[in-house]
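This report describes a sheet and a metal site, taking each in turn. Please keep the sequence and the structure in view while reading.

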Amino acid sequence: MDGVRPDFTIAQDWQAYTEEEHAIWRLLFERQQKLLAQRACREYLDGLSRLGVAAGGIPDFRRLSDILERATGWRIVAVPGLVPDEIFFAHLARRRFPSTCFIRRRDQLDYLQEPDVFHDIYGHVPMLMNPVFADYMQAYGEGGLKALRLGHLPRLARLYWYTVEFGLIATPDGLRIYGSGILSSAGESVYCLDDPRPQRLRFDLKRVMRTRYRIDDFQQTYFVIASFEELFAATRPDFTPIYRELADQPDLDPAARLPEDRAFPPPPLRGGRKKIGPQLIAAQV
Ligand code: PHE
Ligand code: FE
């Protein structure tokens, strides 16, 4: 492709965005702001406001990277779309977040099969302002390169899916969202917390690694962490023996329920959101 460098990065060409493209960003942004004020975790909302990713329009990656780099040493690099796994992991391992540049069309506001700039920037980048999450993402990149070498990428990819993309966190005010795939989706940001259908299970590394996922519908299972420190502590050890152990165990259906799963109670069928107080969480966690 024209202008694509060997590491798959391209220039964002911010000047080239049209008024319509900025308008779509603003539409998506304002819609999510209303939904996420009470649903996203504090770390995400903090990161977003400190980035000043403004409702103004599609942000200039360089401006954003300068703020991000000062906070946690990460930068955003522009890519044309999904890049080969090895390239993706190598970028993460060097604290570079590959982001697409294009924005969805007006008739695709609710559903898109591939990541666009709204998902990548609004969904992912604010979490990279958090020091623990920033380290987790870099470690994931290094772990990705290793999993590739060992031939265990599918298991590691599930960890990314159920944390970075679709993770929930338990807080004293109830469950909150930190997964980017949810944060950039109007439908799923309501569904994951307010709908009684999906199950919300306490995070368990091996359980997550065994669980297949769906890419074409809302999730049937969400995994809930207690803190980002807990997530990073659980994933820090060498995965080599874990991969070996899991190789003999069957994969699990996205909606599977095991006797040892620790589930959070579903939200009430109708009406406002029930608050899950700290006592209740302590008992479940
Ligand atoms: N500890 C993991 C390994 O040995 C690497 C990793 C860290 C993966 C954090 C994901 C998140 O492969
Ligand atoms: Fe993503």
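## Burial at the metal site

A residue is called buried when its relative accessible area is under 20%, exposed when that value is over 50%, and partly exposed in between. The model discussed here is a predicted one, and by this cut-off His-119, with a relative accessibility of 10%, counts as buried. His-124 has a relative accessibility of 4%, and it therefore counts as buried as well.

Both histidines belong to the site of the iron ion (ligand 2), which is coordinated through NE2 of His-119, NE2 of His-124 and OE of Glu-165, at 2.0 to 2.2 Å. Along the sequence, the donor residues of this iron ion follow the spacing H-x4-H-x40-E.

## The four-stranded sheet

An open sheet is formed by 4 strands, arranged in the order E4-E3-E6-E5 and with mixed pairing. Strand E4 (174-177) and E5 stand at its edges, and because each of them has a single partner strand, one side of each is left without a neighbour in the sheet. From one strand to the next, the twist averages 40°.

Strands of a sheet pair through backbone hydrogen bonds, and they may do so in parallel or antiparallel fashion. In this sheet, E3 and E4 run antiparallel and are joined by 4 bridges, whereas strand E3 (residues 168-171) runs parallel to E6 and is joined to it by 2 bridges.

Why can strand E6 (residues 221-225) be described as largely enclosed by the rest of the structure? The reason lies in burial, because 5 of the 5 residues of E6 are buried. In a regular strand the side chains alternate between the two faces of the sheet. In E6, Thr-221, Phe-223 and Ile-225 point one way, while Tyr-222 and Val-224 point the other way, and all are buried.

Strand E5 (residues 199-202) also runs parallel to E6, and 4 bridges join the two strands; Arg-202, for instance, has Val-224 as its bridge partner in E6.

Notes:
Residues numbered from 1 in each chain as written. Chains lettered and ligands numbered in written order. Predicted model: local features only at pLDDT ≥ 70, side-chain atom pairs only at ≥ 80, totals over all residues. Heavy atoms only, no water. Buried < 20%, exposed > 50% of the residue type's maximum accessible area, 1.4 Å probe, protein only. Pairing = 2+ DSSP bridges. Donors = N, O, S within 2.8 Å, 3.2 Å for Na, K, Ca; no water. Axes fitted to C-alpha atoms, helices over the stretch in contact; angles between N-to-C directions.
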